[in-house]
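Biologist: Can you walk me through this one? I'd like to start with how the chains meet.

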Amino acid sequence: MSAVRLGLGGPAIDHPGSTAAALLQVRGLSKRFTLPRDTLFGPRPELAAVDDISFDLAAGETLAVVGESGCGKSTVGNLVLNLLSPSGGSIRFDGEDLAAADDARWRERRRDLQLIFQDSRSALDPRLTIDCQVAEGLEIHGVATAADRAAMAAAMLEAVGLGGDLARRYPHELSGGQQQRAVIARALVLEPKLVVCDEPVAALDVSVQAQVVNLLRDLQRNFGLAYLFISHDLSLVRHVADRVAVMYLGRFVEVAECEALFAAPAHPYARALIGAVPAARSRHGRRVPPLRLEGEPPSPLNPPSGCALNPRCPFATDLCRSDRPALRRLADGRSVACHHAEALPGAVVGPDIQPARAVS
Amino acid sequence: MSTLLDIRDLTVRIDLADGPVFPVRGVSLALGPGETLGLVGESGCGKTLTCLSVMGLFGRRVAIDDGEIGFQGARLDPASRADRSRRARGMGMIFQNPMTGLNPVRTLGWQVAEAYQIRTGSKRRAANARAVELLDLVGIPEPRRRARDFPHQISGGQQQRAMIAMAIAGAPSLLVADEPTTALDVTVQAQILDLLSRLQREIGMGMLFVTHDLGLVAEVADRVAVMYAGRVVELASAADLFARPRHPYTRGLLDSLPFLDDDVERLSPILGTVPSLRAMPAGCAFAPRCPHASTTCGRVAPELTSLEGGAVACHHPLAVRTEAA
């Protein structure tokens, strides 16, 4: 492994969403997909799935990426893992520029970068028992001897609650929650440093969801894992994340500490998302009043000019329609891409002003 | 209050190659006109099958094994043609996935008009005109033009609106909404919920609202029935259910949800998993996962019994939250 070539402290500070010692440093990441022509000789339409995204992720930290379907949050995860190659920007992991890495280098690095999929059933090989699948990753990376690998797999399965008899089963003999545990065991047996969790519990029932969420947190604590946690479930994100990035149409619109964001989101889109969470999901009533957005997310093929939210935003002005707001840092440390973040009605409730709460 | 929908002891049987299974067992529910009854539970608990029983939409291997369904004061006979048209006139249904619920080779206007014709028996020309009005009513912009569109030409939210237009064409007295917003984004979900409650007020229809989302059901429903493994385990007003869950399963569900404003180190999951249809416990289906289970629970299945304004099927219903915690 080559030495760290660049100090991370200096330039990282200037970027939104940075932390002190970043394990993962993403700068200006973009992904454009070229689509088939509409007409025989027409131009190939381009779709900007991810557009100029920068963030840092430290060891042991959880950064959640939230947004609606099609906003590009899964693409961010896939880019970080090199399952897609970026169209622009850089990804620096553990001091190494991964854009420059070739396939052989990626194979080595992949051990440190693992993925937990949403659909565990299709992520597991139906013809291999669980313990073989967990040991397979170790084998690919040439870790230890066969006997040791089996022991490591057994220990990992034990840690995720699939010990003993369960470890010898085939995926179809397990419940959805157990399958997801197997996927987690398979990712973590390699002792990765970063795990991209793409909707890890969305396919599970609530009662089982909590089991898996607890497991993910325990494993993070025990192994010092960094999670890039992609989800659309905001109350879950509130529970697991340290920082949250809200994404809309391929861009981050707000990046903030978890507590600050959920107490008082600054961007209108973040307010709409958090305000749409049913009141029953808060113990003390809503802190963020509902904000209704007009219409539906526009097609990323044909994004609006200026701020992407402007056709739906109740606060939009001429400035929003003409100029795209850059992600900029506010006084309290969060980053927001909105021209009017400070001036919006009911904007950022400071920590000293308690919002009205439902009286029980 | 008269009863719009009256489900009594409904048991649904599915005939599989290796013998029958009973995914819905002895469900009784009643719904008044204009009322919203929420039906919540995890996947496989029988909530969708209960809806399909009401609508009479069963595949070949599925049948009502026992019990009956009353609609507008009279029993529905699954075999009778007259009752089938009574259902068609009086009930509308919204499905979870709008793309599979709409016919891909017919225009939206055609499909809404068809639903209107079936309910009202009106002529095609009148139905076509009404279809445009209905598309407008559910908030589809430029309804006259959209009526000539096919389902794939519009977004998921608009598709769901079109499906709602079909379901409410001819003003049915009962709307069955099976996870109507699950496939939609949250900002669009809020719009659809607003639409449903507005339509319900205007048409005065009763609504059976099925969802797995406990938070959502609290917003939408007047009363909530919680289902587990084919049975209703608790029935209560929405407010009571959240403030004072009486069944350990309801309590477990609420505890396992993370809250937006609550800092807990760990969530409290319900241990274990839902029993399979082939291996239902003899007594209470929840007993193997229940922290309060006694030997009685393992032997005798508890009946749904009234308790302080609601009903609960449990031998050891929980006291109010503060004492139980």
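Biologist: How many residues of chain A are in contact with chain B?

Modeller: This is a predicted model. In it, 36 residues of chain A are in contact with 31 residues of chain B.

Biologist: Which elements give two or more residues to the chain A side?

Modeller: They are α8 (206-223), α9 (234-240) and α11 (268-275) of chain A.

Biologist: And which one gives the most?

Modeller: That is α8(A), with eight residues.

Biologist: What classes of residue are on that side of chain A?

Modeller: There are 17 nonpolar, eleven polar and eight charged residues on the side of chain A that touches chain B.

Biologist: Let's stay with chain A. What domains does the assignment give?

Modeller: Domain 1 of chain A takes in 6-27 + 34-72 + 242-352. Domain 2 of chain A is 102-231. Their C-alpha centres lie 30 Å apart.

Biologist: Switch to chain B. Where are its domains?

Modeller: In chain B, the assignment puts domain 1 at 5-221 and domain 2 at 246-324. The C-alpha centres of these two domains of chain B lie 30 Å apart.

Biologist: How many residues of domain 1 of chain B are in contact with domain 2 of chain B?

Modeller: Six residues of domain 1 of chain B are in contact with seven residues of domain 2 of chain B. Strand β2 (residues 19-31) of chain B gives the most to the domain 1 side, with three residues. By class, that side of domain 1 of chain B has three nonpolar, two polar and one charged residues.

Biologist: You mentioned β2 of chain B. What is the strand order in its sheet?

Modeller: The order is β2-β1-β4-β5 (chain B). It is an open sheet of four strands, and the pairing is antiparallel.

Biologist: Which strands stand at the edges?

Modeller: β2 and β5 (74-75) of chain B do. Each has a single partner strand, so one side of each is left without a neighbour in the sheet.

Biologist: How many bridges join β1 of chain B to β2(B)?

Modeller: Eight bridges join strand β1 (residues 5-16) of chain B to β2(B). As one example, V12(B) has V24(B) in β2(B) as its bridge partner.

Biologist: Which helix packs on the sheet?

Modeller: Helix α1 (residues 47-55) of chain B does, touching β1, β2 and β4 (62-71) of chain B. The direction of α1 makes about 110° with that of β1(B).

Biologist: Last topic: helix pairs. At what angle do α4 and α7 of chain B pack?

Modeller: Helix α4 (residues 108-120) of chain B and helix α7 (residues 156-168) of chain B pack at about 25°, with their axes 7 Å apart. An angle under 35 degrees counts as roughly parallel, so α4(B) and α7(B) are roughly parallel to each other. The crossing is right-handed.

Biologist: Which residues make the contact?

Modeller: From α4(B), they are L108(B), Q111(B), V112(B) and A115(B). From α7(B), they are A162(B), A165(B) and M166(B). Six of the contact residues are nonpolar, one is polar and none is charged.

Key. Residues are numbered from 1 along each chain as its sequence is written. Chains are lettered from A and ligands numbered from 1 in the order in which they are written. This is a predicted model: local features need pLDDT of at least 70, side-chain atom pairs count only at pLDDT 80 or more; totals for chains, interfaces and linings use all residues. Domain bounds come from an automatic or database domain assignment. Two residues are in contact if their C-beta atoms, placed from the backbone, lie within 7 Å. Ala, Val, Leu, Ile, Met, Phe, Trp, Tyr, Cys and Pro count as nonpolar, Asp, Glu, Lys and Arg as charged, and the others, Gly among them, as polar. Axes are lines fitted to C-alpha atoms, for helices over the stretch in contact, and angles run from 0 to 180 degrees between N-to-C directions. Angles under 35 degrees count as roughly parallel, over 145 as roughly antiparallel, 65 to 115 as roughly perpendicular and the rest as oblique. A crossing is left-handed if the near helix is turned anticlockwise from the far one by less than a right angle, and right-handed if clockwise. Two strands pair if DSSP finds at least two bridges between them.
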